[in-house]
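The following note collects points on the packing of helices, sheet and aromatic side chains. Please read it alongside the sequence and the coordinates.

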Amino acid sequence: RPPRSTPKPSSAASDVYKRQTSAFVKTMPLEEALQVSQNLLGRKEQFPNLQYPLLRKINHQEQGVRFNKPVNVLLIFIEGLDRRYLGHTIDLNNPSHLTKWFFYNMQADQENESDSNPLPSQIQLTPFLDKLGTESIYFKNFFSNGDMTARALFSTLCSYYPRRGWSVMRARHTHEFLCFPEVLQKAGYLREMIIGQIRDRNYDHIALFLARNGIQQFLDENSFPSDAETLGLGLTDESLFDFVYERIKNLRSKAQPYFLSTLTVGTHHPYHFPTTHPDLKAMQNHPDKYVPALRYLDLSLERFFSKMQKEDLLKDTMVLILGDHGRHEGIGGSDAAARGGHFLVPFYIWIDPSLETELPTRTKLVTNIASQVDIGPTILAMNNLTPKLTPFLGKDLSCVLNTNCLADNLAYVSGSHDDTIGIVNQDFMWLYRFKTKTFFRTRHDGRYPEKDLAFPDSSSEFTDMNFPLYEIKRNMFCL
């Protein structure tokens, strides 16, 4: 029972009950941050709810592609798929060809490479992904919003930016969000996710979070056949895709459309890979193990994709492939490029030919800025499932097939490795590292790191409202 009279807390104890103030609120009023964020994200849309200030009404004037009926969705996350490594040929006689210094010579490398007639000592690193890029809507300036798997999954599935500190999936796994799998649930979709390792290996609570937010069945390493091949952190990529193949056959036997997502693990440090292919045997002593691991991933994905197409298992299906984030290792030739490289991922939207009559074109190279928060709104919009009132921060990317709708699009990034936040606009990637109070400027593609710039937080460009860089700093901190 409580005491008859409650003593007043001491001044020290009283301080414990005082509401903590965010360091960001000390730099600007919350009202200003919300107003700027609404201007950046709203794109002339309304924010009708004061309690949920980023909840907005969707403006359907800029419509993209719409299917006549809901289609199947296969979403493939490739662990650490760094787009700087795509389109390269490995020279086995030059083992430093793809080390942290290769970005200096990327343009020269690409000009000298001959994919059609490679030398006996040369191996194409990602021939399948390179070919898929020509058969897809391919976003060459796409970004991961976070630099770790749980952060990237949250941004992709819930169309919301990652938070600083612990990931949302880890710290808020008992909370309910409106993530797009839940919208698919209301539309009658079957919803599954498959990973090739134990679901809570890193205590990220991914399965618990997704169970509350729209995923019907979560399958991990314990769900695989006992003879499935494991190596390193979990299932090999080939074993994972074999299991995905079986699940899709099962899902297609049902009357409902399906959403299936999966996450590979082979390109995760320390990069274990089977030497079952001549290319992998030749590359097994490469000094950067990410390189042969990426080659193995490309081989596994090609085998899976070819098998699915041959058996017509991708009919009425849109396939989305992206990296959950870039490489964990900070490489790139400059501090700015090394930190920005965590977010450089590719994004493919491949549409099965059975749906091409509903598209103006199945293929397009998109150079505008896009990021993971745009994926959910794109999937929902193309299937005519966009809620009229939505908390999603992303945009329907399918509009690029009809109009130049992404000219003003931007990406916000947040990295836990370096405690970094940033904004990517049409010109550059701008980053701020809290530990050193430094701003960085780097290119979208990680090239020419010798031209990257670094500014101290006290630089007049960022503190004087008359300088154009002040607005970049304000937007970054507001978001």
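Predicted model: local features only at pLDDT ≥ 70, side-chain atom pairs only at ≥ 80, totals over all residues.

Are Tyr138 and Tyr348 buried or exposed? Both residues are buried.

1. The search of the whole structure returns 24 aromatic pairs. In one of them, the ring centres of Tyr138 and Tyr348 lie 4.9 Å apart with the planes at 40°, so the pair is classed as tilted. Tyr138 belongs to strand E5 and Tyr348 to strand E13, and the pair links parts of the chain that are 210 residues apart.

2. The sheet. Eight strands make up an open sheet of mixed pairing, ordered E8-E7-E11-E2-E12-E13-E5-E14. Its edges are strand E8 (217–219) and strand E14 (364–366), each of which pairs on one side only. From one strand to the next, the twist averages 10°.

3. The pairing of E7 with E8. Strand E7 (residues 190–195) runs parallel to E8 and is joined to E8 by three bridges. Within this pairing, Glu192 stands opposite Gln217 of E8.

4. Helices across the sheet. H5 lies across strand E5 (137–139), strand E12 (317–323) and strand E13 (347–351), and runs at about 65° to E13. H12 lies across strand E2 (72–78), E12 and E13, with an angle of about 170° to E2.

5. The helix–helix contact. Helix H5 (residues 127–134) packs against helix H12 (residues 290–310) at an angle of about 55°, the axes being 7 Å apart; the two helices are therefore oblique to each other. H5 contributes Pro127, Phe128, Leu129 and Leu132, while H12 contributes Arg295, Leu297, Asp298, Leu301, Glu302 and Phe305. By class, this contact comprises seven nonpolar and three charged residues, with no polar residues.

6. A further aromatic pair. A pair of aromatic rings is described by the distance of the centres and the angle of the planes. Trp430 and Phe455 form a tilted pair, with 6.3 Å from centre to centre and 35° between the planes. Trp430 lies in strand E19 (residues 429–433) and Phe455 in strand E21 (residues 453–456), 25 residues apart. Trp430 counts as buried because its relative accessibility is 6%. Phe455 is likewise buried, at a relative accessible area of 14%.

7. The aromatic cluster. Trp430 and Phe455 belong to one aromatic cluster together with Phe428, Tyr432, Phe434, Phe439, Phe462 and Phe477.

Conventions. Residues numbered from 1 in each chain as written. Heavy atoms only, no water. Axes fitted to C-alpha atoms, helices over the stretch in contact; angles between N-to-C directions. Helix = DSSP H or I, 4+ residues; strand = E, 2+ residues; numbered from the N terminus. Parallel < 35°, antiparallel > 145°, perpendicular 65-115°, else oblique. Contact = heavy atoms within 4.5 Å. Nonpolar A, V, L, I, M, F, W, Y, C, P; charged D, E, K, R; others polar. Pairing = 2+ DSSP bridges. Phe/Tyr/Trp six-rings, centres within 6.5 Å; stacked < 30°, edge-to-face > 60°. Buried < 20%, exposed > 50% of the residue type's maximum accessible area, 1.4 Å probe, protein only.
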